[in-house]
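Q: I'm new to this one. Can you walk me through it?

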Amino acid sequence: MKQTLTTLMSITFLTLSTNVAAGDATAGQTKFKSTCVPCHGSNAEGMVGPRLAGQPASDIIFKLNEYRAGKQRGPMTYMMAPMAQGLTETEIKNLAAYVSEL
Ligand code: HEC
């Protein structure tokens, strides 16, 4: 019983610390360059897709989660939704950390 509780507490702690931790902008940059540049531009300045540079990380995370959840956002959601659906939560945070710093 004691062991179960300890395990549960460590899982909770790990989950909480992952959620609170800020994204890794360097990892975000790597992912951005390999995946997002063709549509959002090499500096996230916007091309086919909107400008992402300078948007607050929390906005980027919110929007990507909406696409991931299958929510219709703009008229070109059909282009972006499959991209967002291929991202993990960590990748989303890292990407948000990167583009918000541009
Ligand atoms: C195939 C082209 C394409 C690729 C690749 C792509 N996007 Fe998009 N993205 C779009 C389009 C088009 C929109 C606008 C969709 C709409 O109308 O809702 C968009 C919208 C967004 C938005 C919402 C912007 C806003 O202000 O409303 C975010 C955030 C975003 N993309 C992030 C990313 C990230 C991060 C990647 C790389 C993992 C990526 N996109 C890859 C085309 C793309």
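A: Let's start with α6. This helix is mostly covered, with nine of its twelve residues buried. Buried means 20 or more other C-beta atoms within 10 Å of a residue's own; exposed means 12 or fewer, partly exposed is in between, and C-beta atoms are placed from the backbone. The model is predicted: local features need pLDDT of at least 70, side-chain atom pairs count only at pLDDT 80 or more, and totals for chains, interfaces and linings use all residues. Residues are numbered from 1 along each chain as its sequence is written.

Q: Which residues of α6 are buried?

A: Ile92, Lys93, Asn94, Leu95, Ala96, Ala97, Tyr98, Val99 and Ser100.

Q: What do they pack against?

A: The buried residues of α6 pack against α2 (25-35) and α4. Contact here means C-beta atoms, placed from the backbone, within 7 Å.

Q: How do α2 and α6 cross?

A: Their axes come within 7 Å and cross at roughly 95°. That makes α2 roughly perpendicular to α6. Axes are lines fitted to C-alpha atoms, for helices over the stretch in contact, with angles from 0 to 180 degrees between N-to-C directions. Under 35 degrees counts as roughly parallel, over 145 as roughly antiparallel, 65 to 115 as roughly perpendicular, and the rest as oblique.

Q: Which residues meet there?

A: From α2, Ala25, Ala27, Gly28, Gln29, Lys31 and Phe32. From α6, Glu91, Asn94, Leu95, Ala97, Tyr98 and Val99. By class, this contact of α2 with α6 has seven nonpolar, three polar and two charged residues. Ala, Val, Leu, Ile, Met, Phe, Trp, Tyr, Cys and Pro count as nonpolar, Asp, Glu, Lys and Arg as charged, and the others, Gly among them, as polar.

Q: Zoom out. How many helices and strands are there?

A: The protein chain has six helices and zero strands. These are DSSP runs, numbered from the N terminus: helices are H or I, at least four residues, and strands are E, at least two.

Q: How much of the chain is buried?

A: 24% of the 102 residues count as buried.

Q: What surrounds the ligand?

A: 22 residues do, and the closest are Cys36, Cys39, Gly49, Gly74 and Met76. α3 (37-40), α4 and α5 each give two or more residues to the shell. Near means a C-beta atom, placed from the backbone, within 6 Å of the molecule.

Q: Which element gives the most?

A: α5, with four residues. The shell divides into 15 nonpolar, five polar and two charged residues.

Q: What about Ala44? Where is it?

A: Ala44 is in the loop between α3 and α4. It counts as buried because it has 24 C-beta neighbours inside 10 Å. Its phi is near 60°, a positive value in a residue other than glycine.

Conventions:
Contact = placed C-beta atoms within 7 Å.
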